[in-house]
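The exercises below ask you to read helices, sheets and contacts from a structure. Each task is followed by a solution in steps.

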Amino acid sequence: MLQLKNVKKSFEEPGGGTLPILDIPQLEVAVGEQVVLVGRSGCGKTTLLHIIAGIIRPDEGSVTIDNIDIARLPEAARDRLRADKLGYVFQTFNLLPGFSALENVLLGMAFASRHVDTARATHLLERVGLSHRLTHRPSMMSVGEQQRVAVARALANKPELLLADEPTANVDARHQKQIIDLIRETCREEKVALLLVTHTADVMAQFDRVENLEQINRAVNGPPVSGSPSAS
Amino acid sequence: MSLWKIAWRSIQQRTLASSLTAVSMALGVMLVVAVLVAGNIVHDSFSIGNRLGYNIVVGAKGGRLDLLLNSVYYLSRPIENIPWEYYKEFLPASAHKDGKAGKYSGYVLEDDPNEKARGLAIPICLGDFLGDEKESFRVVGTPPEMFTKLMKSKFSSGEVFKSSDFATAVVGAEVASHLHLKVGGDIAPMHGGIGGEVHMPFKITGILERTGTPSDRAAFVNIEGFFLIPDHARGHVEEVHVPGQPEEKEEMLKTPLPEDQREVTAILILTASLGGDPAKGIDPNPPEAVAPELVKTVNKENVAQAIQPVQEINVLMGYLVQPLELIMDALAVMVVIVAGIGILVSIYNSMSERRHEIAVMRALGARRNTVMLIVLFESILLAMGGGLAGWFAGHLLIGLAGPFVTSSTGIAVGFLQFAPGFELILIPGLIVLASLVGFLPALAAYRTDVGKALTATP
């Protein structure tokens, strides 16, 4: 479903020169597979998700989603592919404050090829337990509820791959499991592959497959951490 | 969810800033509507050429514009008069004791057998006023044919005076309204202006319907009575309204002033339709075609001058009204541009706080063009919302000022008074303006670096 080959990315440093961030020979995620990606802060996890989502291009290598190399697509096509085939859950939820819960989910559909499906958006919000919050704005909802809206929004367009960037980083321990369970269950129901970034050991423990970015990333970016990654 | 709705939500999200921006646009458009409609009112109040009923004015030699202003608009004071004998030069043989037609009568043909081809020459005399400290109105001495044949006037009450009833008058709609005059009541003209000597009273026989012309703001007395007012005749100095001599007064009011003592301020002429042959189905030349020749003939001599009011009105418009309109239009455009810049500043200032939202939309799959369109739509919604509110407020203002304008100018003005040229382009104009001022913030949205904006703290 997702294949990365020889993906390299570096950023220009303010004083000149380049700072290598990513050098990943290979990474694959199968259809419907759920993978957790770990690594210390600054090791390139968010950059990797941005590359997979087509938000930024890699300097080298290929990022294939459904046999389409997103790295070679022009920007407009990457935008369309991102809208149609990918879902994205952000660490800070990134719900738009002026929109209700339902409208935030509909917004996820507004930019895709499919038509805006209010029934599906409502269904997704019901699925995440927010049927009573459809018309509420983010400011009127708890942090946990906001993240559930974000999950519903990410699944709005029936994506094939859900990228979740530390979705429980701003949620208390009691809600962490609920959120992770919700993401995993809905991904299973919708047959969506999941690539989830986390720092939390409890979250890692729930996944069969854990990828440590520091181990698969050959970019020299500080000393690799040995053993299991820890929450930081 | 449409892009319009997304743009609308963005506006709602910043209610205060958006409202203030829309209000500034509304005030701008309100001002523009009010200014342009006011300009139209000024234009209409001067553009009465087609409603006059005559096509030539003959008066004493002097400024052409002076003659137009005092004889057509009843505004400035006439400097000189012209002799009655000269007026008679426009009349047919039947009006002359010697049976000879006046030398200009061929252009007027008051007794042409073909009624439709007939012209008309109507004398008017000015010099007296009516009113109070707040407002004064011209008193015009004229024969009843002014209303029955020349202006074909309609009366809201009463009727035109009879030529044999010397001390009678009809009054314009605004005069009647302002001075609370009714049929059967009296008016007493004042000589030379308000506060001048009060002359004998004239009984009101009719009140003219409102026409939106200077007639609304004038009182018309029987010219025979006007002649009998002291100082209105050459060598005629007797006081008509001497107290204690009612019989003498009565007798005097039945005796017309001798022709050799008469003077008129101007002659209003509708030229005849000349030429043509009804038997052969050839139409005569219209009065407009005859007028230039008569003007030329009169102006060749030294006694009087003739003008074509329509032409002079155009000159007046060119000198006075059009530059005023141009200034008003320029001011109006500048006001709208300033309001448009207000929209630009408002949206552009919001861009720094909205960069994160734009990045989120891009991460959800929105293209660069899409977020650019959303910002442009926001600008258009603000401009349209403010503009339409301003349009409504402008017309409300005009509606509220309507009674005052109507009483001042005689032009009926209401909520639905339009400035068609401007209002037809209001909506497309606002869209163009909004697109122009929205372009810069839209470009900022287009250029948003999604990766950086997403990782920045929202």
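## Exercise 1: two helices of chain B

In chain B, helix H10 passes helix H13 in a right-handed crossing. The model is a predicted one.

**Task.** Classify the packing of H10(B) against H13(B) by angle, and state which classes of residue make the contact.

**Solution.** 
1. Two numbers describe a packed pair of helices: the angle between the axes and the distance between them.
2. For H10(B) and H13(B), which spans residues 426–446, the angle is about 20° and the axes are 8 Å apart.
3. Angles under 35 degrees count as roughly parallel, so H10(B) is roughly parallel to H13(B).
4. H10(B) contributes B:Val336, B:Gly340, B:Ile341, B:Ile343, B:Leu344, B:Ile347, B:Tyr348, B:Met351 and B:Ile358 to the contact. From H13(B) come B:Leu433, B:Ala434, B:Val437, B:Gly438, B:Leu440, B:Pro441, B:Ala444 and B:Ala445.
5. Sorted by class, the contact holds 15 nonpolar residues, two polar residues and no charged residues.

## Exercise 2: two helices of chain A

**Solution.** 
1. The axes of H3(A) and H4(A), the latter covering residues 118–127, come within 9 Å and cross at roughly 125°.
2. On H3(A) the contact residues are A:Ala101, A:Leu102, A:Val105, A:Leu106 and A:Met109; on H4(A) they are A:Thr118, A:Ala121, A:Thr122, A:Leu124 and A:Leu125.
3. This contact has eight nonpolar and two polar residues, and no charged ones.

## Exercise 3: the sheets of chain A

**Task.** Chain A has eight helices and nine strands. Find the strand order and the edge strands of the open sheet of four strands and of the open sheet of five strands.

**Solution.** 
1. The four-stranded open sheet runs E2-E1-E4-E5, with antiparallel pairing.
2. E2(A), residues 18–29, and E5(A), residues 68–69, each have a single partner strand, so one side of each lacks a neighbour in the sheet.
3. Inside this sheet, E1(A) (residues 2–12) and E4(A) (residues 60–65) pair in the antiparallel sense over five bridges. A:Gln3 stands opposite A:Thr64 of E4(A).
4. The five-stranded open sheet has the order E6-E7-E8-E3-E9, and its pairing is parallel.
5. Its edges are E6(A) (86–89) and E9(A) (209–212), each with one partner strand, so each has one side without a neighbour in the sheet.
6. E6(A) and E7(A) (residues 161–165) run parallel and are joined by four bridges. In E7(A), A:Leu161 is the bridge partner of A:Leu86.

## Exercise 4: burial in chain B

**Task.** Is B:His178 buried, exposed or partly exposed, and what covers the buried residues of H3(B)?

**Solution.** 
1. B:His178 is found in H6(B), residues 173–179.
2. Burial needs 20 or more other C-beta atoms within 10 Å, and exposure 12 or fewer. B:His178 has 18, so B:His178 is partly exposed.
3. The C-alpha atoms of B:His178 and B:Arg217 are separated by 9.5 Å, although the two residues are 39 apart along the chain.
4. In H3(B), residues 64–71, the buried residues are B:Leu67, B:Leu68, B:Asn70 and B:Ser71.
5. Their cover includes strands E1, E3, E12 and E13 and helix H10 of chain B.

Terms used:
Residues numbered from 1 in each chain as written. Chains lettered and ligands numbered in written order. Predicted model: local features only at pLDDT ≥ 70, side-chain atom pairs only at ≥ 80, totals over all residues. Contact = placed C-beta atoms within 7 Å. Pairing = 2+ DSSP bridges. Axes fitted to C-alpha atoms, helices over the stretch in contact; angles between N-to-C directions. Parallel < 35°, antiparallel > 145°, perpendicular 65-115°, else oblique. Left-handed = near helix turned anticlockwise from the far one by under 90°. Nonpolar A, V, L, I, M, F, W, Y, C, P; charged D, E, K, R; others polar.
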